[in-house]
Amino acid sequence: MVSITYIWHDCFVVSTPVAVLVFDYWLDTDGGAAAHPAFLDITDRDKPLYVLVSHGHKDHFNPDIFSWAADFPNVHYIVSKDVMKRIRHVVSATSVYSGPKVSPSQVTALRPGEEFSDGRVRVAAFPSTDIGNSYIVECDGRRIFHAGDLNAWIWKDESTEQEVRKALGDYRACLRDISAWLKANPVSTVPEAMPPVQGAAAPVQDAGRIDFCFFPVDSRIGTDYFTGASIFVREFDVVRFFPMHFALGDEEERRQRRADALRFGRYANPARGEYIPLALPGSTYLCADTNDFNS
């Protein structure tokens with residue numbers, strides 16, 4: 001069984017039989033900047049905990065994550081290079097910093113093109129159209145993609161045609177790196193993919209399958225805000241898609257952006273995949289073992 005819990009904005013907790021993964025923790029489910037978020041109280045301390053940070057923007061990175069090591073001795077942090085520059089005092093035994101510290105052995109900094117593997121979890125870092133990384137994580141026979149701030153940030157209503165073309169070109173260049181890695185690392189141990197919708201065209205399998213995809217669908221950018229997601233789910237063989245990055249602004253704005261993100265008909269690939277409306281903080285999606293991928 002795999003459980004996926006949406007926390008806030010871009011933060012998801014993925015619990016597999018062998019590990020727990022936390023992506024881009026910023027705020028707890030009540031929108032507060034809790035140093036000890038509520039989900040930690042129900043996290044299995046017998047499993048290794050992997051905390052991933054795509055980049056250092058405040059809506060993706062909360063430095064309080066390093067205090068979690070006091071309760072989870074088997075924790076490992078995987079961060080982008082820009083974050084590593086900001087936390088040298090946290091991993092330095094000689095720094096005068098009096099807050100929570102962690103051992104350098106508990107932190108791995110990756111730049112695009114680099115990987116981490118400990119035999120249980122494999123993490124590959126890819127470029128972003130913003131700073132930092134996007135990630136593919138292979139764990140317990142599943143392949144997970146977390147985009148961070150990778151998106152087609154076209155801001156069409158405010159940009160010139162040339163700026164829009166450049167944004168799309170930059171985005172597609174990042175996707176080429178992901179595609180190349182997927183083709184060089186064919187699916188082997190991951191469960192068989194869910195079949196395509198009956199009567200629809202068969203998906204392109206050589207692009208590589210992604211079992212769980214967390215991707216920005218942010219209507220702040222205006223017209224065609226869903227372009228990046230639409231391109232992504234047609235470029236890659238995405239089995240389950242979870243929108244994210246819609247929790248900025250006041251309560252009314254967040255409600256509207258959440259509703260916009262869940263308008264799957266605007267961007268979903270009709271030939272492939274399931275689109276999961278996991279958008280209320282604290283809500284959980286449960287996925288059974290291999291058989292669920294064939295249902």
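Colleague: How many of the six residues of strand β9 (residues 134–139) are buried?

Modeller: Happy to start there, and keep in mind that this is a predicted model. Ser134, Ile136 and Glu138 point one way from β9, while Tyr135, Val137 and Cys139 point the other way. Residues on both of these sides are buried. That makes β9 a mostly covered strand, and the count of buried residues is six of six.

Colleague: Which residue of β10 is the bridge partner of Glu138?

Modeller: Let's take the neighbours of β9 in turn. Strand β8 (residues 121–126) runs antiparallel to β9, with six bridges joining them, and there Arg122 has Glu138 as its partner in β9. Strand β10 (residues 142–146) is also antiparallel to β9, joined by five bridges. In β10, the partner of Glu138 is Arg143.

Colleague: Which residue takes a positive phi in the hairpin of β9 and β10?

Modeller: Look at the link between these strands, where the hairpin has two residues. The phi in question is near 55 degrees, and the residue that takes it is Asp140.

Colleague: How many disulfides does a search of the whole structure find?

Modeller: A disulfide is a covalent bond between the sulfur atoms of two cysteines. The sulfur of Cys11 is too far for a bond, because the closest cysteine sulfur, in Cys213, is 16 Å away. Over the whole structure, the number of disulfides found is zero.

Colleague: Is Cys11 buried or exposed?

Modeller: The cut-off to remember is that buried means under 20% relative accessible area. Cys213 has a value of 0%, so it is buried. Cys11 is also at 0% relative accessibility, so it counts as buried.

Colleague: What is the bridge partner of Ile4 in β2?

Modeller: Strand β1 (residues 2–8) and strand β2 (residues 11–15) run antiparallel. Five bridges join them. Within this pairing, the partner of Ile4 in β2 is Val14.

Colleague: How is the aromatic pair of Tyr267 and Tyr275 arranged: tilted or edge-to-face?

Modeller: A search of the whole structure finds 25 aromatic pairs. One of them joins Tyr6 and Phe12, with 5.4 Å centre to centre and 50 degrees between the planes, and is tilted. Both Tyr6 and Phe12 are buried. For Tyr267 and Tyr275, which are 6.3 Å centre to centre, the angle between the planes is 75 degrees, and the arrangement is edge-to-face.

Colleague: Which cluster residues are linked by ring pairs?

Modeller: Start from Tyr267 and Tyr275, which are both buried. They belong to a cluster linked by ring pairs. Its residues are Phe145, Tyr171, Phe215, Phe232, Phe236, Phe241, Phe264, Tyr267 and Tyr275.

Colleague: Over which residues is the pLDDT below 50, in a stretch with 42 contacts beyond near neighbours in sequence?

Modeller: The mean pLDDT of the protein is 91, and 91% of its residues reach 70 or more. Over residues 290–295, though, pLDDT stays under 50, and the model has 20 contacts there beyond four places in sequence. The stretch with 42 contacts is residues 189–206.

Definitions and conventions:
Residues numbered from 1 in each chain as written. Predicted model: local features only at pLDDT ≥ 70, side-chain atom pairs only at ≥ 80, totals over all residues. Heavy atoms only, no water. Buried < 20%, exposed > 50% of the residue type's maximum accessible area, 1.4 Å probe, protein only. Helix = DSSP H or I, 4+ residues; strand = E, 2+ residues; numbered from the N terminus. Pairing = 2+ DSSP bridges. Disulfide = S-S within 2.5 Å. Phe/Tyr/Trp six-rings, centres within 6.5 Å; stacked < 30°, edge-to-face > 60°. pLDDT = per-residue confidence, 0-100. Contact = heavy atoms within 4.5 Å.
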